[in-house]
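Hello,

I am handing over the structure we talked about, and I would be glad if you could look through it. My notes on what turned up follow below.

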Amino acid sequence: MTIPIGELPAERPWPDDVWCHLACTTCEQLFRLSAETYRGRGGVLEQIAS
Ligand SMILES: [Zn+2]
């Protein structure tokens, strides 16, 4: 299960994966950051095609 990081509950258990969207303040390019809560590694930052 993957949910937006803004919807992450304060208390565990958390879903295995969370994500959020980031925007560069200079060029406004959008990125999606995915993170795995279970193992604490394996995060991915990927550019979103504009
Ligand atoms: Zn930029």
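Which residue in β4 is the bridge partner of R32? That partner is E46.

Before the rest, a word on the source. This is a predicted model, in which local features need pLDDT of at least 70 and side-chain atom pairs count only at pLDDT 80 or more, while totals for chains, interfaces and linings use all residues. Residues are numbered from 1 along each chain as its sequence is written.

Now the sheet. Four strands make up an open sheet in the order β1-β2-β3-β4, and the pairing is mixed. Strands here are DSSP runs of E with at least two residues, numbered from the N terminus, and two strands pair if DSSP finds at least two bridges between them. The edges are taken by β1 (2-4) and β4 (44-47); each has a single partner strand, so one side of each is left without a neighbour in the sheet. On average, neighbouring strands of this sheet are turned by 25° against each other, direction ignored; the axes behind that angle are lines fitted to C-alpha atoms, and angles run from 0 to 180 degrees between N-to-C directions.

Going through the pairs in order, β1 and β2 run parallel and are joined by three bridges. P4 has W19 in β2 as its bridge partner. W19 in turn has the bridge partner S34 in β3. Between β2 and β3, which run antiparallel, there are seven bridges, and D17 stands opposite E36 in β3. The pairing of β3 (residues 30-36) with β4 is antiparallel too, over four bridges. Besides the R32 pair with E46, L33 has L45 in β4 as its bridge partner.

Two spots in the loops may interest you. In the loop between β1 and β2 (17-23) lies P13, and the peptide bond that joins R12 and P13 is cis, with omega about 10°.

The other spot is E28, in the loop between β2 and β3. These two strands form a hairpin with six residues between them. Phi of E28 is near 65°, a positive value in a residue other than glycine. Is E28 buried or exposed? E28 is exposed, because 8 other C-beta atoms lie within 10 Å; the cut-offs are 20 or more such atoms for buried, 12 or fewer for exposed and partly exposed in between, with C-beta atoms placed from the backbone.

Best wishes
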